[in-house]
Every structure is written in structure tokens, then in C-alpha cells.
Amino acid sequence: MATSVIDKKESGESVSDPAHLYTAHVPADCWPIVYSPIYNISFLGMEKLHPFDAGKWGRVVNYLKEAGMINDETIVVPREAEEQDLLLVHTKRYINSLKAGKLAVDRGWAINVGGGFHHCSADKGGGFCAYADISISIKFLFQHVEGISKAMIVDLDAHQGNGHERDFMDDDRVYILDVYNRSIYPGDNYAKRAIRCRQELEIGTSDDVYLGTVQRSLQRALYEFTPDIIIYNGGTDILDGDPLGALSVSPQGIIERDRLVFATARSRHIPLLMVTSGGYQKRTARIIADSVLNLRSCGLIGREGDTVECTSNVE
């Protein structure tokens, strides 16, 4: 039975060592896709009144199961972070649970079906974001994974990622690329100082302009900076009709965006960790699942021994 969860007492690991979040063995037949049912939030049905789709992540996983790509035995169950782990970037009052993965370094890629809370910084939440999982992941990697000393954040959610921008404001080890709608939340001008490749989009931006902007931005960013890992915040709130994102990118445009980011990172042999971030329509779960399946079809993700040809027909 493939599982990534090891009891710390049985394994002899120190509870006080934050590296315990990364050291559990992940079998070769396990996809580097991280998910737990606790990602999905419910509160007596009241979550249905909120624009954030609290069950999105579970539906993504169910779609991937229906497609025969994964099952409960071949995905990674994250460990819950403890207080000392979160204190790497958080003041005590903002401690909560999270998941993080060294999987991208070990396997070349990983997807956390969840996360991407990019409005939260070390001492402040915001925009449905209670803890700074992107910042925590990078700081864990810097401190506990040999060979990881430079990171690039590619934030392609519709909103500016002001949380991680504030966390890495004066940190030359972290390069931030952010493509977002200039006219929506948060409009954090102070945080913009941390963005080294900034692209501000107009309301209603559609596929051609959006994808061209992403491609040029990736090329520029990787010309200016060579990271040891890329953290990709792949929000689906860029989707046409999203009530908060206010952009007009099609489902196929999102799939092509993800393919472009993965192809760019994989061709350069840069480990990539994807988090799924915002997306406020019920159909985004299906789009995320279709995108993951397309990445597999294109040969950009897979388990050891997988060899497939690209079937994408998007130019």
C-alpha cells in the first residue's frame, strides 16, 4: 500500500524538527499529487453562501479518479504542520494547518490540489487566505533541502499575490513574476515593489493577449534569474465569468497556460510545485482536472516509467 504518512513516534523523528513534513518516504508508484479530504471546508451548509468554492479540491481529485489516473493509494496525504513549523513565517495568532512538499525536488514536479493562499503574509491574512503556504514552502526548502537556495514564484492567479510579495520584499533569493488584473483586489502598491516581472492586465483580457503575456513574461523571468525551484500559483479565477477575477480566459486557455508553465520548467530541468489558488465558479474543478490530465497526455508529468505523446492541439 502506497502511503506518505509516517507516524513520527514510530519513525523516531523529532517532533520539534520541521523537516518531518518532508522526510516521509513516497513510493515510486505514488503520484506527486498532494491532497487530503480536510482541504474541503463545510460549516452546516453555510459555506454555500460564500463565493469561495470550499469543495473544489475534492471534486478535482474525484475527476482524476474517474479518469483512471489516480486512486486513494497513489496520491500523497500531507502531514499537518505543527506550531513550530508555521512559526517559520507566522506570528503565533495565524497558526493553522498546511501541507508542503519536497516532492517537486525529488520528482521534478508536484501538484498540491489546494493551497495558493497568496494574500496572506507572515503577520496578516486577507482575501480568503489564513496562512502563507507559498512563503512557508519556500522557507522550508531553503532551510531543509540541499541545493535549494533560489526560488521563483510564478503567480498567475487573477489577483496580485501581495502576501508572498511582502514576505520576500528584500530577499534576493526569491524572484516574483506576477500577472494579474490591475483593477481588482488587493491593489497593494507597497507589495508591488517586490515584483521583478510585473504584468498588469485589463478587465476582460482574453486568451490571445493573456497567453502571449504569460509566455513573454516567463521568457524574461528565466533570462533574468535561474531558480532552483519554481512555485507556480495557477489560479483559475482568470476564467471567463469569474465574479472576482473579471478576466475572460477560456477553459482551453487555462489548460494551455498550465501546459506552457510546465513545459517551460521541465525543458529547463527546474523542479516545479503547483498550487491551485483562486477560482470561484463550480466548473473550475473540472478545468483543473482536465488540465492535469492534459499535462499527463503531453508527457509533462508522470510516474517513473510513464512515456506518452503530447496530444494538445492548442497553438
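Among contacts between residues at least 6 apart in sequence, what share joins residues at least 24 apart? In this predicted model, the share is 71%. The protein chain has 10 helices and seven strands. Of its 315 residues, 56% count as buried.

Helix H8 spans residues 207-224. Its 18 residues reach 26 Å from the first C-alpha to the last. That is close to the 26 Å expected at 1.5 Å a residue. The buried residues of H8 are Asp 207, Tyr 210, Leu 211, Gly 212, Thr 213, Val 214, Ser 217, Leu 218, Ala 221 and Leu 222.

Helix H9 has 17 residues. From first C-alpha to last, H9 reaches 24 Å, close to the 24 Å expected at 1.5 Å a residue. H9 is mostly covered, with 12 of its 17 residues buried. The buried set comprises Gly 253, Ile 254, Ile 255, Glu 256, Arg 257, Asp 258, Arg 259, Leu 260, Val 261, Phe 262, Thr 264 and Ala 265. These residues pack against strand E2 (109-112), H8, E6, E7 and helix H10 (284-297).

The axes of H8 and H9 come within 10 Å and cross at roughly 15°. Angles under 35 degrees count as roughly parallel, so H8 is roughly parallel to H9. The crossing of the two helices is right-handed. On the H8 side, the contact is made by Asp 207, Tyr 210, Leu 211, Val 214, Gln 215, Leu 218 and Leu 222. On the H9 side, Gly 253, Glu 256, Arg 257, Leu 260, Val 261 and Thr 264 take part. By type, the residues of this contact divide into seven nonpolar, three polar and three charged.

Arg 257 is one of the H9 residues in that contact. Is Arg 257 buried or exposed? Arg 257 has a relative accessible area of 0%, and therefore counts as buried. Neighbours within four places in sequence aside, Arg 257 is in contact with Leu 156, Tyr 210, Leu 211, Tyr 232, Gly 234, Gly 235 and Ile 238. Of these, Tyr 210 and Leu 211 are also named on the H8 side of the helix contact. Tyr 210 lies 47 residues from Arg 257 along the chain. The C-alpha atoms of the pair are separated by 8.8 Å.

Backbone geometry was examined next. Ala 246 is placed in the loop between strand E6 (229-233) and H9. Its relative accessible area is 24%, so Ala 246 is partly exposed. His 269 follows H9, in the loop between H9 and strand E7 (272-275). With a relative accessible area of 72%, His 269 is exposed.

Where is the cis peptide bond that has an omega of about 5°? The bond joins Tyr 185 and Pro 186. Pro 186 is found in the loop between E4 and helix H7 (189-192).

Notes: Residues numbered from 1 in each chain as written. Predicted model: local features only at pLDDT ≥ 70, side-chain atom pairs only at ≥ 80, totals over all residues. Heavy atoms only, no water. Helix = DSSP H or I, 4+ residues; strand = E, 2+ residues; numbered from the N terminus. Expected span 1.5 Å × (residues − 1). Buried < 20%, exposed > 50% of the residue type's maximum accessible area, 1.4 Å probe, protein only. Axes fitted to C-alpha atoms, helices over the stretch in contact; angles between N-to-C directions. Parallel < 35°, antiparallel > 145°, perpendicular 65-115°, else oblique. Left-handed = near helix turned anticlockwise from the far one by under 90°. Contact = heavy atoms within 4.5 Å. Nonpolar A, V, L, I, M, F, W, Y, C, P; charged D, E, K, R; others polar.
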